2 protein chains.
Amino acid sequence: MTENNAVLIGKKPTMNYVLACITFFHSGAKEVSIKARGRSISRAIDVAEVVRHRFLPDVKIKSIGIGTDQLLSQEEGNSATNVSTIEITLAR
Amino acid sequence: MTENNAVLIGKKPTMNYVLACITFFHSGAKEVSIKARGRSISRAIDVAEVVRHRFLPDVKIKSIGIGTDQLLSQEEGNSATNVSTIEITLAR
């Protein structure tokens with residue numbers, strides 16, 4: 001892929017991220033990736049569902065991938081915590 | 001599919017669901033579906049990642065699907081709330 005339009009999901013309201021996705025598509029993007037990890041994952045799926053059901057019915061889910069990131073916590077020295085990740089690619 | 005081994009993710013500790021998946025595979029299942037909705041979705045991904053990375057390296061993610069369920073809330077009469085869902089199918 002040459003283009004790389006990614007929306008990183010954090011703790012803001014779902015509609016903020018929905019708007020970010022729609023803006024990418026309206027500016028001509030063919031694909032938008034929604035990325036999240038940990039507890040934000042359920043919000044990432046909300047965003048994908050709202051975008052394609054309420055705003056852009058021609059947008060399809062191209063792929064969904066899950067994975068694990070290792071976080072090195074600063075509190076407990078050298079212990080590592082695993083956090084799950086998701087990447088949903090929407091395409092029109 | 002004739003077989004239908006589903007693990008429904010709720011609010012219990014992640015390892016309970018991991019154990020349920022492993023039990024299905026050890027009893028000869030070729031496929032196990034992990035289903036969750038709403039805030040349990042991130043736990044569903046944790047379960048899938050722990051099963052395949054820590055316990056059963058020969059298990060692969062066959063498919064991931066997302067969707068929306070409509071909940072009719074009893075509190076506010078006839079208003080409907082949408083909740084996102086995920087189904088992760090693991091196969092060996």
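Two residues count as being in contact when their heavy atoms lie within 4.5 Å of each other. Keep that in mind for the views below, which come from a predicted model.

**View 1. Arg43(B) and the residues it touches.**
Leave aside anything up to four places away in sequence, and Arg43(B) still touches Ile9(B), Gly10(B), Lys11(B), Lys12(B), Thr14(B) and Tyr17(B). Arg43(B) itself sits in helix H2 of chain B, which covers residues 41–55. Now look for Val59(B): it is 16 residues from Arg43(B) in sequence, and the two C-alpha atoms are 18 Å apart in space.

**View 2. Glu31(A) in its strand.**
Hop over to chain A and find strand S2, residues 31–37, where Glu31(A) lies.

**View 3. Where chain A meets chain B.**
Here 19 residues of chain A are in contact with 19 residues of chain B. Which residues of chain A lose the most area to chain B? They are Ile45(A), Ile64(A) and Ile66(A), and together they account for 42% of what the chain A side buries. The two chains bury about 1300 Å² between them, with 65% of that on carbon and sulfur atoms. And how many salt bridges are there between chain A and chain B? The count is zero.

**View 4. Chain A from end to end.**
Step back and you can pick out two helices and four strands in chain A. Follow the sequence along and they come in the order β-α-β-α-β-β. The C-alpha atoms fill a box of roughly 45 × 30 × 20 Å along the principal axes. Of the 92 residues in chain A, 42% are buried. Take the contacts between residues at least 6 apart in sequence: 68% of them join residues at least 24 apart.

**View 5. The surface and charges of chain A.**
Chain A exposes about 5500 Å², and carbon and sulfur atoms supply 50% of that area. Its charged side chains come as 12 positive and 9 negative, with the centres of the two sets 6 Å apart.

Technical notes. Residues numbered from 1 in each chain as written. Chains lettered and ligands numbered in written order. Predicted model: local features only at pLDDT ≥ 70, side-chain atom pairs only at ≥ 80, totals over all residues. Heavy atoms only, no water. Buried < 20%, exposed > 50% of the residue type's maximum accessible area, 1.4 Å probe, protein only. Areas by Shrake-Rupley, 256 points an atom, 1.4 Å probe, with all protein chains shown as cover. Lys, Arg positive; Asp, Glu negative; His and termini not counted. Charge placed at Lys NZ, Arg CZ, Asp CG, Glu CD. Buried area = accessible area lost by both parts, 1.4 Å probe. Salt bridge = Lys/Arg side-chain N within 4 Å of Asp/Glu carboxyl O.
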